[in-house]
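Colleague: I am new to this structure and would like to know what the terms used for it rest on. Could you take me through them?

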Amino acid sequence: MATKKNKPKTASNRTFFQKLRRFIWKAMLWFFGLSILSVIIFKWVPVPITPLMVTRVIESKFDDSETIFSHDWEPLENISPNLQKAVIASEDGNFLKHSGFDFEAMQKAYKNNKKGKRIKGGSTISQQTAKNVFLWQGRSYLRKGLEAYFTVLIELIWGKERIMEVYLNSIEMGNGVYGAQEAARHWYSTTAKDLTPQQAAGIAAILPNPRKFKASNSSSYINRRKGKIQRVMRQIGKIEY
């Protein structure tokens with residue numbers, strides 16, 4: 001009798017797990033399809049808004065503070081090579097060489113973090129772009145895994161030049177200030193195309209925390225960073241994607 005009673009339950013469980021597997025399989029297919037399609041679209045279409053931009057607007061609503069949102073897309077040819085060199089010098093010295101991940105920098109960051117030293121993380125410009133455009137902020141194994149996935153996609157589909165273009169048009173460069181054009185206007189009353197080496201270094205210097213630091217009228221800490229970034233910029237030479 002016990003065996004007969006268990007049969008329907010076992011069959012029911014088997015049906016449930018079969019449905020669950022089919023659901024997961026379909027969900028994965030949809031995810032891969034939509035993610036690849038979105039990366040292909042953004043290879044050609046300007047990224048209008050990012051999850052971080054939405055998050056900042058929502059935060060301002062909850063805080064009852066003024067909503068500040070400045071974003072203006074510019075093609076890479078309208079963004080000074082000085083700023084391109086500055087972010088490479090500041091954020092990712094091996095950007096033009098690696099395939100999306102700088103494992104040496106990641107290992108160095110891991111070792112120093114274990115020692116309690118405060119240094120920048122090992123994320124490349126490619127990884128930062130993948131996170132900014134497609135993912136939410138925060139730290140979790142799931143988000144890091146998705147970040148790696150999207151990093152591989154944009155490296156394969158976009159290439160370095162497009163990654164740099166999207167990066168410089170999407171990242172936060174001040175409180176409510178997104179992209180090179182608005183950053184140039186906000187900090188120096190100029191255009192992204194006309195940024196001088198010193199001005200470009202100023203913008204790059206605040207990227208670790210653009211809501212706290214100022215690119216102009218900067219603190220002594222940021223001024224030291226500017227000087228270091230400019231020294232590295234002079235060693236980069238002409239950028240060839």
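**Terms and what they rest on**

Modeller: Strands S1 and S3 (residues 177–178) pair in the parallel sense, over 2 bridges. This is a predicted model.

Colleague: What makes S1 and S3 count as a pair?

Modeller: Two strands pair if DSSP finds at least two bridges between them. S1 and S3 have 2 bridges, so they meet that cut-off. Within this pairing, His-71 stands opposite Tyr-178 in S3.

Colleague: Why are strands S1 and S2 called edge strands?

Modeller: The sheet is open, with 3 strands in the order S1-S3-S2 and mixed pairing. S1 (70–71) and S2 (172–174) each pair on one side only, and they are therefore the edge strands.

Colleague: Why is helix H3 described as largely enclosed?

Modeller: A residue is buried when its relative accessible area is under 20%. In H3 (residues 81–91), 9 of the 11 residues are buried, so the rest of the structure largely encloses this helix. Among the buried ones are Leu-83, Lys-85, Val-87, Ile-88 and Glu-91. For the protein, buried residues make up 42% of the 241 residues.

Colleague: What covers the buried residues of H3?

Modeller: The cover includes helices H5 (125–134), H7 (160–170), H8 (180–188), H9 (197–205) and H10 (220–236), as well as strand S2. As for contacts across the protein, of those between residues at least 6 apart in sequence, 69% join residues at least 24 apart.

Colleague: What makes a residue part of the lining of the second largest pocket, and how many residues line this pocket?

Modeller: A lining residue has an atom within 4 Å of a pocket point. By that rule 15 residues line the second largest pocket, with Arg-56, Ser-60, Glu-66, Asn-175 and Arg-211 nearest its centre. Helix H2 (residues 51–62) gives the largest share of the lining, 5 residues. By class, the lining has 5 nonpolar, 5 polar and 5 charged residues. The space in this pocket is about 160 Å³.

Colleague: How do you know which residues are listed as a "transmembrane region"?

Modeller: That label comes from UniProt, where an unreviewed entry lists residues 23–45. Such annotations may be inferred rather than shown by experiment. In the model, the span of residues 23–45 is 87% helix and 0% strand, and its end C-alpha atoms lie 32 Å apart.

Note on methods: Residues numbered from 1 in each chain as written. Predicted model: local features only at pLDDT ≥ 70, side-chain atom pairs only at ≥ 80, totals over all residues. Heavy atoms only, no water. 1 Å grid on protein atoms, 1.4 Å probe; cavity = no way out; pocket = protein on both sides within 12 Å on 5 of 7 lines; lining within 4 Å. Points joined across faces, edges and corners; volume = space filled by probe spheres on them. Helix = DSSP H or I, 4+ residues; strand = E, 2+ residues; numbered from the N terminus. Nonpolar A, V, L, I, M, F, W, Y, C, P; charged D, E, K, R; others polar. Buried < 20%, exposed > 50% of the residue type's maximum accessible area, 1.4 Å probe, protein only. Contact = heavy atoms within 4.5 Å.
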